[in-house]
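I opened the notebook to follow the charged pairs first, and then the strand pairing and the overall totals.

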Amino acid sequence: MPPSTVSLAILFADISGSTRLYETLGDAPARQRVAECLALLTAEILRHQGTVVKTIGDEVMSTFPSAAAAVQAACAMQEALTAKASQGQVSLAIRVGMHYGPVLVEEGDVFGDAVNVAARMVSLAKAGQVITTAQTVATLPPALRAATRYIDRAWVKGKQEELDIYEVIWREDDLTRMEASPLPPPPRSQARLWLRVHERELALDPARPSVTLGRGQQNDIVMQDEYISRLHARIEYRRSKFVLLDQSTNGTFVRTADGKVTTLRREEMVLQGSGVISLGRMFSEGSPHLIHFRCEP
């Protein structure tokens, strides 16, 4: 069957803290917990007329015929996990990102800009959050639209302009704290982050708001080492700041100019001043896998 283009809601749900769960419970019990969580998420997807496209490790990707169905499924997922935690079971949390738009459907998979935007939304979400775009919110019925709030603006790779980001409020107590009007957009900035690996230098700024680092050839900075993950880390420009996000198995290490070393394991930090980043290994003299950074205001 030839590929077809349709408008769908793309939803990513990612289990937060699964790496720590493996460290705490051990491989087999942790894997069982993750599998149970993925089964719960899948059940909610199907219950809300969604389709599971694929599961990747501790993340599930799904599609829905409408943004409303995706929002309802996302809220149901969060509520189901909260109910599990209240029953005394080991607590797992998820972060959810979604976007509604045209996609190319081919052999059970989906491709296109909407998929990329949805993936960006889940990367911005924190544990327990549901994040989406203004474009998605605009398609929601009034009752669901009223349960969203503007939280930020963010760059998305491949987009020339920042996107307005919204949070879907699924907890009753959070609804009482909604802002009456959106936050003002952040001022334009000329901030720049320089990255240097050996003789190569790369700049991040509003025109190039993100880079990826890892062993895979698709990354902007490719470094070959058995301790480096295929997609190890990412650096993003957010609201005039540069944020380093670790997505690896072995962690990312940052040493600032004052000698302080910070270890990131599925965490993020704002890069300031200057320093050195090491992927997968602690710092060692003469290491060939160091990334030097320098921030310009």
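I began with Arg-33 and Glu-36, whose side chains meet in a salt bridge at 3.8 Å, N to O; I take a salt bridge as a side-chain nitrogen of Lys or Arg within 4 Å of a carboxyl oxygen of Asp or Glu. The two residues are 3 apart in helix H2 (residues 27–47), so about one helical turn separates them. Arg-33 is partly exposed at 26% relative accessibility, and Glu-36 is partly exposed at 37%, where buried means under 20% relative accessible area, exposed over 50% and partly exposed in between, with a 1.4 Å probe and protein chains only.

I note that this is a predicted model, in which local features need pLDDT of at least 70 and side-chain atom pairs count only at pLDDT 80 or more, while totals for chains, interfaces and linings use all residues. Residues are numbered from 1 along each chain as its sequence is written, and side-chain values use heavy atoms, with hydrogens and water left out.

Next I looked up Asp-14 and Arg-95, which form a salt bridge at 3.0 Å, N to O. Asp-14 lies in strand S1 and Arg-95 in strand S4, so this pair ties together parts that are 81 residues apart in sequence. Asp-14 counts as buried at 7% relative accessibility, whereas Arg-95 counts as partly exposed at 22%. Searching the whole structure, I found 14 salt bridges, and a network of them links Arg-120, Arg-234, Glu-236, Arg-238 and Glu-268.

I then turned to the strands that hold these residues, reading helices (H or I, at least four residues) and strands (E, at least two) as DSSP runs numbered from the N terminus, and counting two strands as paired if DSSP finds at least two bridges between them. S1 (residues 4–16) and S4 (residues 93–106) run antiparallel and are joined by 13 bridges, with Ile-10 opposite His-99. S1 also pairs with S3 (residues 59–64) in the antiparallel sense over 6 bridges, and there Leu-11 stands opposite Ser-62.

Elsewhere I traced an open, antiparallel sheet of 6 strands in the order S10-S9-S19-S18-S15-S16. S10 (200–204) and S16 (261–264) stand at its edges with a single partner strand each, so one side of each has no neighbour in the sheet. Within this sheet, S15 (residues 252–256) pairs antiparallel with S18 (residues 274–279) over 5 bridges, and Val-254 faces Ile-277.

For the totals, I recorded 7 helices and 19 strands, with buried residues making up 48% of the 297 residues.
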